[in-house]
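Let's walk through this model one piece at a time. Keep the viewer open as you read.

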Amino acid sequence: MSRAADEDTASPRIPGGRLFRRNPNRDTPANIKARFDMTPEAYMQKHHIRFYLEDAVRQVMEQKTDRPLEAMAAYFQNLLSGDHVVAREYAFVVGAPQNRSAFVRHVQRCFYAQAVDAREASTPLTVEDCHSLLLLLCTDIPIEVPH
């Protein structure tokens, strides 16, 4: 298969560069039928649409930018890239499964080296150390989380 053909069938890149992988099982006839059989409210609840729309509007209202639609577009680009959880309150981080996954990815990306260094130095990180590192990403994360 040629490189051009590979690129045509490859998963698309979302703005921000992260690869958005398609789930081949998602679009089976049974899944499509189930999705279209859902009530609008059930669909919105399943995908946390109201949660994200309300947060997007709240963020735009706090920014009071001259270009609110561009601000909303940037919000959803950050959501797709997983950057939307950095420096957010703990209630937001745990408010949806996608947020929790994105936060864990950020923790791994940011602090993996510190954990390896501590292990190699035979000085394991304490719960307080872990909490201090987590506070850099989420300023109100409870001390119980790293336990």
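Helix α5 has 14 residues, and at 1.5 Å a residue it should span 20 Å; its end C-alpha atoms do sit 20 Å apart, so the two agree. The expected span here is 1.5 Å times one less than the number of residues. Helices are DSSP runs of H or I with at least four residues, strands are runs of E with at least two, and both are numbered from the N terminus.

Before going further, some ground rules: this is a predicted model, where local features need pLDDT of at least 70 and side-chain atom pairs count only at pLDDT 80 or more, while totals for chains, interfaces and linings use all residues. Residues are numbered from 1 along each chain as its sequence is written, and side-chain values use heavy atoms, with hydrogens and water left out.

Back to α5. Its buried residues include A71, Y75, L79 and S81, where buried means under 20% relative accessible area, exposed means over 50%, and partly exposed is in between (1.4 Å probe, protein chains only). S81 has a relative accessible area of 11%, and its side chain makes a polar contact of 3.3 Å with that of D83. For a polar contact, a pair of N or O atoms must lie within 3.5 Å; within protein, one must be able to donate a hydrogen and the other to accept it, and residues adjacent in sequence count only if both atoms are side-chain atoms. Just after α5, G82 takes a positive phi of about 90 degrees.

Carry on into the loop between α5 and α6 and you find A87. This residue is not a glycine, yet it has a positive phi of about 65 degrees. A87 is also exposed, at 61% relative accessible area. H48 is another non-glycine residue with a positive phi, near 55 degrees. H48 belongs to the loop between α3 (40-46) and α4, and is partly exposed at 25%.

Now zoom out. The protein chain has eight helices and zero strands, so the pattern along the sequence reads α-α-α-α-α-α-α-α. Buried residues make up 20% of its 147 residues. A contact means heavy atoms within 4.5 Å; among contacts between residues at least 6 apart in sequence, 40% join residues at least 24 apart. The accessible surface comes to about 10,600 Å², with 58% of that belonging to carbon and sulfur atoms. Those areas come from the Shrake-Rupley method with a 1.4 Å probe, and for residues only the protein chains shown count as cover.

What about the inside? A nonpolar core is a set of buried Ala, Val, Leu, Ile, Met, Phe, Trp, Tyr and Cys residues joined through side-chain atoms within 4.5 Å. The largest one has 16 residues, and Y52, V85 and F103 touch the most other members. Elements giving two or more residues to this core are α4 (49-63), α5 (68-81), α6 (90-93), α7 (97-120) and α8 (127-135). Helix α7 provides the largest share, three residues.

Click on Y52 and look around. Leaving out residues up to four places away in sequence, Y52 touches H47, Y75, F76, L79, H84, F92, A96, Q98 and N99.

Helix α7 also holds V104, which is partly exposed with a relative accessible area of 44%. The C-alpha atoms of V104 and V93 are 9.9 Å apart, and the two residues are 11 apart along the chain.

That leaves the charged pairs. Side chains of opposite charge can pair when their charged atoms come close. A salt bridge here is a side-chain nitrogen of Lys or Arg within 4 Å of a carboxyl oxygen of Asp or Glu, and the structure holds six. One of them joins E41 and R50, with the closest N and O atoms 3.1 Å apart. Both ends are partly exposed: E41 at 41% and R50 at 40%.

Another salt bridge pairs D55 with R58 at 3.7 Å, N to O. These two are three residues apart in helix α4, so about one helical turn separates them. D55 is buried at 1%, whereas R58 is partly exposed at 43%.

R88 and E89 also meet in a salt bridge, at 3.3 Å from N to O. R88 is buried at 10%, while E89 is partly exposed at 35%. Through salt bridges that share partners, D55, R58, R88 and E89 are joined into one network.
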